[in-house]
Amino acid sequence: MRITVQDIVAATGGTLVCGDKDGVVTSASTNSKEITPGALFIPIIGERVDAHRFIPQVMEQGAAAALISHEAEPQWKKEASSFACIKVEDTLFALQKLASWYRSCFSIPVIGITGSVGKTTTKEMIAAALETEKKVLKTEGNQNSQIGVAMMMLRLEKEHELAVIEMGMSEVGEMKRLAKIARPETAVMTNIGVSHIGQLGSKENIRKEKLNIINEMSGQGSLYYNGDDELLSRLPELKQDKPEEYLNEETRKELPKVTLHSFGMDETCEFYATDILIKNGKTSFRCVYPEGTVEVCLSVPGLHNVGNALVALAIAYQYGVSIEHAAKGLFSYRPLDMRGQVTNIDGRILIDDTYNASPDSMKSAIQVLLATEPASQRIVVFGDVLELGEVSERCHEEVGVYLANAVFNGQRVTELVTLGNQAKYIAKGAKNTNPSLLVHSFDTKEDVVSYLKERVKEHTAVVFKASRGMHMDEIVKELTACLQK
């Protein structure tokens, strides 16, 4: 949508330091390398870099304007001519104000997605279902942060009919700010796990914070929740009883007005799955919904993907998309980079799920590995899960116990390889549960690669997963290169 410098000044509450108030801005970016002619540059001050230093560079690239939070250097003003500098107190908060104002210029429904695990996959599946009949804006990659959500709102166009926006949080107050920016009319909560429990203290607190996604619905929204999740399945009770200790004040007022919809494997859910079959890298099931049933086939394995697909069908149903078309659209879903990508190298199958990890998503990765065919040997490569705080040892050990007990169609994990100090507790839990399980723990990525390149033979399937900070994707890349030689 066409906006002017004056629109930005008004939306951010800023002051025009120099430049033309009637200048037109055609795009926005926080990345100086992505600036195109007519763009607004938003320099974010990070821990290491103050992006204000790139303003002369973006001017040369043809940017129309920039937000600034400290006085412009003399050369900026001298060289500016029509280039506009808008002074604000904080460029990040100004970006969020601008995004909130810009979103208010559209009546397009926003579907907000949150949860401890599966946000990106669920977002992609919902978009795949809706795109069979609708023009959809969806979050690119996993731009679900304070910056990412704001930038996605600034990409709204009049041609869009729906927006599917991923919304992540790790600290108190973050979801409130995201809700004010995106103002979703429909929200999806995939699950409540232990991701970020180190910062928030308990799963109840995580649910409390994530529920702030409904705060801007003004009594007219819908909330889709995973009915198989222990804490989310209690939402109908919270809606009736509204115990103050489990809800923030705004959420306590809004939840009774919101329409609740459940999805899951349990037949009490509004949208549920039956006749689930995972075979040959695909997952099929029958979705039961209020008006009947529909057959669904996914091109990816994993029981957890059934839940993601169910809510995608539910959202499509709400917005008038043919559920048969939506089901066909789901087959087109493919995992994004490092989110379950499968590479087959002469019968040696590598499953790259290294983008991030939580104890719950590790358990899902184990199930995907067990359903992978053909494979006579199944190796799990797990690294540390970060940000678990005081419960870290227990959570890692529980993953090990789960791994040692996991069975699917008679198949079990044949070997566990761990990387990092905390992941050694996965090894401990697994070995204590099944002493015969082959387990190896390493301290460096190089040692893991050196070991695996000798172990991974034909008909071996390997899944890799760890927190992003462990850089396990580097192991996958190096091992892939070794196996392809």
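These are my notebook entries on a predicted model, taken one region at a time.

**Entry 1: the cores**

I started with the nonpolar packing. The largest nonpolar core has 91 residues, and Leu223, Val380 and Leu403 touch the most other members. Helix α14, residues 359–370, gives this core its largest share, six residues. I also noted a second, separate core of 37 residues, with Tyr224, Val311, Ile315 and Tyr319 among its members. A general reminder for myself: nonpolar side chains in soluble globular proteins tend to be buried together.

**Entry 2: strand β12 and Leu223**

Which residues point which way from β12? I found Ser222, Tyr224 and Asn226 on one side and Leu223 and Tyr225 on the other, all of them buried.

Next I looked up the partners of β12. Strand β11 (residues 186–189) pairs with β12 in the parallel sense over four bridges, and Met189 is the residue opposite Tyr225. On β13 (residues 259–264) the pairing with β12 is also parallel, over five bridges, and here Tyr225 stands opposite Ser262.

For Leu223 I then listed the contacts beyond four places in sequence: Ala187, Met189, Leu211, Ile214, Leu235, Leu255, Val258, Thr259, Leu260 and His261.

**Entry 3: helix α9**

I checked which residues of helix α9 (residues 203–210) are buried, and found Ile206, Arg207, Lys208, Glu209 and Lys210. Their cover includes β8 (110–114), α7 (174–182), β11, α8 (197–200) and α10 (235–241).

**Entry 4: the six-stranded sheet**

Here I traced an open sheet of six strands with mixed pairing, in the order β17-β18-β22-β19-β20-β21.

Phe382 has Lys465 in β22 as its bridge partner. Helix α17 packs on the sheet, where it touches β19, β20 (415–419), β21 and β22, and its direction makes about 160° with that of β20.

**Entry 5: α17 against α18**

I followed α17 (residues 445–455) to α18 (residues 473–484): the two helices pack at an angle of about 35°, and their axes are 10 Å apart. Their crossing is right-handed. On the α17 side the contact is made by Lys445, Val448, Val449, Leu452 and Lys453, and on the α18 side by Glu474, Ile475, Glu478, Leu479 and Cys482. I sorted these contact residues into six nonpolar, no polar and four charged.

**Entry 6: Ser467**

Just one residue for this entry. Ser467 is placed in the loop between β22 and α18. Is Ser467 buried or exposed? Its relative accessibility is 4%, so I count Ser467 as buried. Setting aside neighbours within four places in sequence, I have Ser467 in contact with Asn356, Ala357, Asp384, Val385 and Leu386.

**Entry 7: α12 against α13**

My other helix pair is α12 (residues 303–318) with α13 (residues 323–331), whose axes come within 9 Å and cross at roughly 145°. The crossing is right-handed. Ala309, Ala312, Leu313, Ala316 and Tyr317 of α12 meet Ile323, Ala326, Ala327 and Leu330 of α13.

**Entry 8: Ile3**

Last, I went back to the start of the chain. Ile3 lies in strand β1, residues 3–4. With a relative accessible area of 8%, Ile3 is buried, because the cut-off for that is under 20%. Apart from residues up to four places away in sequence, Ile3 touches Ile8, Gly23, Val24, Val25, Trp101 and Tyr102. I also looked up the C-alpha separation between Ile3 and Gly168, which are 165 residues apart along the chain, and noted 28 Å.

Note on methods:
Residues numbered from 1 in each chain as written. Predicted model: local features only at pLDDT ≥ 70, side-chain atom pairs only at ≥ 80, totals over all residues. Heavy atoms only, no water. Core = buried A, V, L, I, M, F, W, Y, C linked by side-chain atoms within 4.5 Å. Buried < 20%, exposed > 50% of the residue type's maximum accessible area, 1.4 Å probe, protein only. Contact = heavy atoms within 4.5 Å. Axes fitted to C-alpha atoms, helices over the stretch in contact; angles between N-to-C directions. Left-handed = near helix turned anticlockwise from the far one by under 90°. Nonpolar A, V, L, I, M, F, W, Y, C, P; charged D, E, K, R; others polar. Pairing = 2+ DSSP bridges.
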